[in-house]
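Subject: Structure handover

Hello,

Please find the structure below. Notes on what was found in it follow.

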Amino acid sequence: MSSSSFPSVAIVLINWKNYEDSKKCLISLQGCNYPNFKSIIIDNHSGDGSGEKLQKEFGDFAHFIFTDENLGFSGGNNVGFRYALEQNFDYIMELNNDTEVEPDFLDKLVFSIHDKPEFGIAQPLIFYNGERRNVIWNAGGKLIPSLGLSLTKKEGSTDLSEVISEETAWTTGCATLIKTKVLRETGLLKEFFFFGSFEDVDLSMRVREKGYKLWFESESRIYHSVGNSSKSKTKGKEGFLNPMVHYLAQRNQMIFIKHHTENIFIPLAVAVQFGKMLLYSVYFIGRWRLQKLRMAWKGFADGLIKTYHD
């Protein structure tokens, strides 16, 4: 088949002070056998020279965009999405920079939904990277709508016998392929999520609200160095994870509940989160992570009380 037989794909990656992971990801993409894609690298105001270094090494392979400020995960991806929409790509692939891909991952992912107009999004099977490359991290998602909960399928499993390609309730922003036609209908990622999850579940819900289905493709496979984009390389008094991550994760959970849970079930969903926060409190106090404790509760309160809209 000629390259014209393959729909065009823009693969959007964000680099933020993470030269090593971004380089590994780009090297793996260079080995991709799909003939009609372009990597779009958004340097999210790193300020450490990593974006410039990557551009020097991969400028012939990828298109680089440098932002004037840190726009977060949602805002940074939207910069790449807008560029891809302006260039009229057929698909946009949102891909974490701390991933590595199999050479045929994109071919299998694109053609899993290309001739299925009822499907708007697809995600691959995602394994942990490193020494746990045989362990599943994400095999699609499921929802408990009455509780506002989004759950990951098969996490921690090494048994592939029951992992099949199928419709999924939501797709992870770690690796999501979306038809640009669909993205034009739903709009971009909600930038108030910033970082810390739920921008992907929110987009999945909006895709479904437009009448499209979501697909999990088990034959398309990648590997994820989980947490590399949010963890410090050195351990501080609050551990490796920045307390702001806990703030955003809990805040975003509450925002998601308010935006996508039926009113009659919101009190129940909030009660479940309150119970979870009590358990977190026991853990953080036991580990003497008092800043994380304060930030998680602040996220809970801000997400519950404040209003967030584009």
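Axes here are lines fitted to C-alpha atoms, for helices over the stretch in contact, and angles run from 0 to 180 degrees between N-to-C directions. Helices (H or I, at least four residues) and strands (E, at least two) are DSSP runs, numbered from the N terminus. This is a predicted model, in which local features need pLDDT of at least 70, side-chain atom pairs count only at pLDDT 80 or more, and totals for chains, interfaces and linings use all residues. Residues are numbered from 1 along each chain as its sequence is written, and side-chain values use heavy atoms, with hydrogens and water left out.

Helix α1 (residues 19-30) and helix α2 (residues 50-58) have axes that come within 10 Å and cross at roughly 25 degrees. The two are therefore roughly parallel to each other (angles under 35 degrees). Residues in contact (heavy atoms within 4.5 Å) include Leu26 and Ile27 of α1 and Leu54 and Phe58 of α2.

Helix α2 also belongs to a β-α-β unit with strands β2 and β3, and this unit is right-handed (with the strands pointing away from the viewer, the path from the first strand over the helix to the second runs clockwise). Strands β2 (residues 37-43) and β3 (residues 62-66) run parallel and are joined by five bridges; pairing requires at least two bridges found by DSSP. Ile40 lies opposite His63 of β3.

Further along, the axes of α7 (residues 243-260) and α9 (residues 290-305) come within 7 Å, crossing at roughly 25 degrees. That makes α7 roughly parallel to α9. Among the residues in this contact are Met254 and Ile255 of α7 and Met295 and Phe300 of α9.

Regards

Terms used: Parallel < 35°, antiparallel > 145°, perpendicular 65-115°, else oblique.
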